[in-house]
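Hi,

Here is the model I promised to send over. Have a look at it first, and my notes come after it.

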Amino acid sequence: MLSQLAGHVSDTTPGRGALRTARSWLHSDAPSLSLNGNWRFRLSPTARAAEDFADEGFDDSGWDSIPVPSHWVLQGDGVYGRPIYTNIQFPFPIDPPHVPDENPTGDYRRHFEVPADWSEAERVVLRFDGVESLFRLWVNGDEIGSASGSRLAHEFDVTSSVRPGDNVVAVRVHQWSAASYVEDQDQWWLPGIFRDITLIARPAGGIEDVWLRTGFEEGHGRIETEVTADAAAFPVTLRLPELGIEQVWATAADVAPLDVESVEPWSAEQPRLYEVTVSTAAECVALRTGFRTVEIRGGQFLVNGRRVVFHGVNRHETHPERGRVFDEEHAREDLARMKRFNVNAIRTSHYPPHPRLLDLADELGFWVVLECDLEAHGFDKLDWVGNPSDDPAWREAYLDRIQRTVERDKNHPSIVIWSLGNEAGTGSNLAAMSAWVHARDTGRPVHYEGDHAGEYTDIYSRMYPSVLETERIATEGSRSPLLNCTPAQAARQRTKPFLLCEYAHAMGNGPGALDQYEALAHAHPRLHGGFVWEWRDHGILTTTPDGTPYYAYGGDFGEVVHDGNFVMDGMLLSDDVPTPSLHEYKAVVQPLRFTFDGGDVAIVNLRHSADTSDLRFRWRVEHDGTLVESGDLEVPVLAAGESARVPLPRIPVSQDSETWLTLDAVLAAGTAWAREGHVIATAQLDRSTRRPAPGVRPRTTWRQCDGTLTLGIAEFLDGSLVRLAGRAVTGPRLELFRAPTDNDEAASEGVEESDAGIAGVSNAELWRRDGLDRLTTRRVSVERTADALRTIDKVSAANSALSVMVESLWSLEGDELDLRVEIQPSSGWLTVWPRIGIRLDLPDGAAPVDGAEWFGLGPLESYPDSLRAARTGRFTSTVRDLCVDYARPQETGHRSQLRELTLTSAGTKLLRVVAFPDTHGRRPGFTLSRHTPQQIARAGHPFELPDSTTSHLIIDAAQHGLGSRACGPDVWPDFALRPESRTIRLRIAAG
Ligand code: GAL
C-alpha cells in the first residue's frame with residue numbers, strides 16, 4: 001500500500017485513466033453540470049492518509065467546507081498552510097522524481113445529482129480544468145484515475161460509475177508530485193482545485209471535437225474544418241450565417257475546405273470575429289472564428305502578409321486574493337487596461353490560462369503566444385544534470401502536456417505562436433514536443449527560448465539581452481557570436497524572426513531603456529519587439545499581526561526557502577494601479593510617430609494593418625503650462641504604414657513664458673476597452689523663445705561672521721537656514737543617496753554596456769560602502785555681506801577620505817531669495833552616484849506641506865532613461881500621490897526638468913521655488929516625500945515606514961538612470977550618473 005502511494009506522487013507519467021485524447025474547450029449545447037461550489041475538505045500533512053474517504057458511504061460530516069475552485073493555502077487564514085514563493089529554487093529536496101513525505105494532501109468530497117434524462121447520453125465525462133499538482137479521482141467509490149499537468153484540462157470517462165440521482169465524487173490532491181519538477185515557474189506554489197470541474201453528458205452522435213483552421217489572403221478567407229465524430233454522427237453542418245454559408249457534409253470523407261469570399265481579416269487591431277456553428281442532429285457547437293494567416297517569410301513573422309511587431313506583456317494568472325483562480329470580470333478589465341496602454345500581445349507565461357481568457361483575447365484583439373505548462377528551472381542548479389527535458393522517462397509527460405495545450409486552444413485566432421514552455425533547459429523531449437506541434441498544426445510556428453541553437457524551433461527568442469546584443473542579433477551577416485551558438489548555429493538563428501520573449505524587467509521602479517529596444521524593432525525588420533516581464537505584481541493580500549493590510553511577497557509567510565520580492569515585477573501593482581513604467585511603455589510603443597519639421601508635422605501610422613479612421617487629432621498650446629488655444633487638426637486617414645505631412649496650426653508664441661504645442665491622437669468613438677477621447681498617442685513641440693537665467697551679482701565684500709541674519713523670508717542661525725517664510729526648516733543639505741531601487745540592489749549582469757556596474761556587486765552595495773546613505777557635514781566657513789550669505793561645507797562619510805565640497809550662496813535679489821549651490825566632489829569617487837541633490841526638511845508645524853503644484857515634466861515620476869511618458873506642463877498632486885507604493889519601498893517620485901514648484905498646505909500656497917537651468921541648459925528635478933531616502937531604504941514593506949511629521953523636498957541637479965539590472969542590463973552609459981560638479985540655482989519666495 002505504501003509503495004503504491006509513493007508510486008503515485010513519484011510517477012513521471014502524466015497520470016492514469018484520463019481520456020488520452022485532449023480536445024478543444026468547446027461551447028456546446030450538450031448538457032453539462034458545473035461541480036463548482038462548496039466541497040467537503042480535509043487536509044493531511046502527508047500523502048499517506050487513509051483512502052477510505054473515497055468510499056461512497058464515508059461520513060464526511062466532520063470535515064470542513066472549501067470552495068471549488070480555490071487554493072487551499074488561500075482559504076481559512078492559514079489553517080491549511082501558507083503560500084510559498086520561489087523563483088528557480090525547488091521548495092523541496094532535489095531528488096527527482098521523488099518528493100518528501102511532508103506533502104500536504106487535500107481530500108475533497110461532494111454529492112451531485114445526475115439528471116434522469118442523462119441516461120440517454122452515450123458517455124458521461126468529468127472534466128477538470130486545473131488542479132495543482134497531482135490528483136486522483138473516485139466516483140461512487142470506483143477509482144477512476146489520476147492526472148497531473150496543473151494548468152491543463154483532464155477529462156475522465158465516468159459513464160460506468162455514475163447513475164441517475166445522487167452520486168459521490170472524491171478527489172485527492174497532492175501539493176507535491178513528480179510533476180512539480182516540471183512546474184517550477186517563477187510564481188507562488190498554490191495547491192488545490194483552482195479551476196472549474198464540469199460533468200458533461202456526451203450525446204450519441206455528438207461532436208467530439210472540431211477545429212476550424214482559417215486563412216486569409218487578399219480579401220478571401222478559407223476554412224479547413226476538422227470534425228472528430230463517429231461516422232454515425234454525420235451529416236455535419238457548418239453554418240456561418242453572416243456570410244450566408246451553410247455547408248452540409250454527408251460523411252467524414254466529404255469534409256473539405258471552404259473558400260469564403262469577401263471576408264474581413266482578424267487582427268489584434270481589428271479583431272473581426274464571425275459566429276460559426278458546427279452541428280449534428282445530436283449536438284451543436286458554437287465557435288467564434290477569425291480569418292488570418294500566420295507565416296514566416298524571409299526571416300519575418302507575418303500575419304495576413306504583414307509584419308507583426310509585438311508590444312507584448314508576459315501575463316501570469318495572479319490575483320491578490322484568489323491566486324490563480326480565474327475571475328472573468330477582473331481578467332477582462334485587465335485586458336481592456338492592456339489595450340488602453342497600447343499593449344497588443346500576450347505571452348501566457350508560463351502555462352495555458354483559463355480557457356475563457358482566450359475568448360477574451362480573440363474578442364478584444366491580442367496576438368497571443370500560448371505557452372505550455374512546463375518549466376524545470378531548478379535543474380539549473382545541477383548544471384541541468386538529470387533534466388527531465390532530456391530524459392526518456394519524461395517523454396510521455398512532455399508530449400501529453402503539449403498535446404493538451406494545443407488541442408484545448410487550437411481554435412483561437414488570437415493564438416499565433418505555440419510555445420513549448422519556459423526555462424526547461426534543452427533536450428530531446430522538447431524536440432519531440434516541437435515535432436508533434438509541427439505535424440499537428442502547420443499554421444503556427446513553434447517558440448521555445450531555451451532552444452538557443454535553433455535546433456527545433458522556428459523563432460529565435462531570447463530573454464533580457466542588452467540593447468547592444470539585441471542590435472547585434474539583428475545585424476545581418478555579422479560574425480559576432482550568439483549565446484550558446486556555434487557560428488553555423490548563429491547563422492541559422494539569424495535567418496529567423498527574433499523575439500524578446502522577456503525583456504525590460506519591470507521590478508520596482510523601472511525599467512529604463514524601453515525606447516531603445518523599441519527603436520531597434522523599427523530599425524531592423526527581423527526584430528519583432530517582445531514581451532515585457534511582466535504585466536502585474538503577484539502580491540498576496542494579507543495583514544500584519546496588528547491588522548494592517550499589505551501585499552505579501554516571498555518570505556512573508558515564513559517559507560523555508562524563498563526569493564523575496566522577485567515576484568513583484570509587474571507594470572501593474574498588486575492592487576491594479578498602473579506604475580509609471582506602464583505609462584512609459586504606452587508612450588514608447590504608441591502606434592503613431594510624429595516628427596515636427598518647420599511648420600509641419602509628419603505623422604506615420606505604425607500599426608500592423610488598421611488605418612487611422614478611428615482616431616481624431618487634437619492640439620493645444622500652453623504658455624508655461626497654461627492653456628491658451630486648442631483645436632482639432634485635420635489629418636487624412638492613413639493606411640497602415642502610410643505617412644502624411646500636415647501643416648500645424650498657427651502657434652501663438654509668448655515672449656515671457658515657455659510655449660508648448662501638444663498633439664494628441666484620441667479615439668473618435670468608444671471601443672470595448674476605452675471611451676471616446678481616450679489618448680492613444682501624444683507628441684510635444686517646444687516653441688519657446690530662449691530666455692537667459694538672471695545673472696548673479698558678484699560680491700567682493702565678504703567678511704567672516706557668526707552666520708546669524710535675516711534675508712527676506714529666510715532666517716539663518718550659525719550660517720544655517722532655520723526658517724523660511726516664517727516656518728521652521730532644516731537644510732538644505734547635500735543628498736547623494738536614493739533608497740535603492742530593485743535594479744540598484746541587483747548584482748546580476750549589466751556591465752557590458754554600462755561603465756556603471758561592477759560585475760557581481762550591486763550599485764546599492766557600493767553606495768553603502770562609500771557611505772552615501774550616512775553623509776556627515778563639517779562647516780568650513782561662513783561669510784556674509786549686508787544682503788548675502790556664503791557657507792562652505794565639506795561633506796563626507798565615516799572612515800572615508802572621499803568628500804564633496806558644497807558652497808551655498810544666499811542672496812536677496814529684489815525681494816526674492818536667491819540660492820546658488822555649487823557641488824564639487826573630491827577626486828577618487830569610483831562608482832556611479834544615485835543623485836546629486838540638496839534636501840530641505842519641512843516639519844509639519846501648523847500647516848503641513850501636503851501638496852505640490854509644478855511646471856516641469858509630469859504628471860508622473862520620470863528618470864533619465866524613462867522620460868517618454870512625461871510631458872512638459874503644469875501639474876498638481878498631493879504629496880502622497882507623488883510617490884508610488886512599490887511593494888518594497890524604494891526611490892520614487894522624481895519629477896524631471898523642473899521650472900517652478902509651489903508647496904501647498906490644504907490648498908494654501910506656502911513656498912514658491914523657481915529652478916533655473918545650469919550653464920549647460922540642464923534643469924534640476926524634484927522629489928517631495930514624507931520620508932527621507934534613508935527611512936525608505938530601511939523599510940521592507942510600506943507598513944514598515946515610520947510615521948512622519950515632516951515633508952522632505954529634494955532638488956536634484958541630476959539622478960542616475962533606472963536600468964533593468966534586477967534581471968537584465970544596468971543603466972545605459974548615457975544615463976549613468978558619474979560623480980561630477982553641479983550647480984543648483986533657485987529663487988525662493990513665499991506662497
Ligand atoms: C525569467 C523567467 C521568468 C521570471 C523572470 C524574472 O528568467 O522566465 O519566469 O522568472 O526571469 O522575473
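Below is what turned up, starting with the ligand.

A word on the ground rules: this is a predicted model, so I kept to pLDDT of at least 70 for local features and 80 or more for side-chain atom pairs, while totals for chains, interfaces and linings use all residues. Residues are numbered from 1 along each chain as its sequence is written, and side-chain values use heavy atoms, with hydrogens and water left out.

**The ligand.** Around the ligand sit Asn87, Asp186, His350, Asn422, Glu423, Met463, Tyr464, Glu502, His505, Trp533, Phe566 and Asp569 (near here means a heavy atom within 4 Å). That shell splits into 4 nonpolar, 4 polar and 4 charged residues (Ala, Val, Leu, Ile, Met, Phe, Trp, Tyr, Cys and Pro are taken as nonpolar, Asp, Glu, Lys and Arg as charged, the others, Gly among them, as polar). Some polar contacts (N or O pairs within 3.5 Å) go to ligand oxygens: Asp186 places a polar side-chain atom 2.5 Å from one, Glu423 has a side-chain N or O atom 2.5 Å from one, and for Trp533 the distance is 3.1 Å. On its own the ligand has 300 Å² of accessible area, and the protein covers 96% of it (Shrake-Rupley, 1.4 Å probe).

**Helix H3.** Since 9 of its 10 residues are buried, H3 is largely enclosed by the rest of the structure (buried is under 20% relative accessible area, exposed over 50%, partly exposed in between, with a 1.4 Å probe and protein chains only). Those buried residues pack against elements including helix H2 (328-340) and helix H4 (395-409). Gly365 follows H3 and has a positive phi, near 100°.

**Phe975.** You'll find Phe975 in the loop between strands E59 (950-959) and E60 (982-990). Phe975 counts as partly exposed because its relative accessibility is 27%. Leaving out residues up to four places away in sequence, Phe975 touches Gln516, Pro864, Asp865, His960 and Gly961 (contact means heavy atoms within 4.5 Å).

Cheers

Terms used
A polar contact is a pair of N or O atoms within 3.5 Å; within protein, one must be able to donate a hydrogen and the other to accept it, and residues adjacent in sequence count only if both atoms are side-chain atoms. Helices (H or I, at least four residues) and strands (E, at least two) are DSSP runs, numbered from the N terminus.
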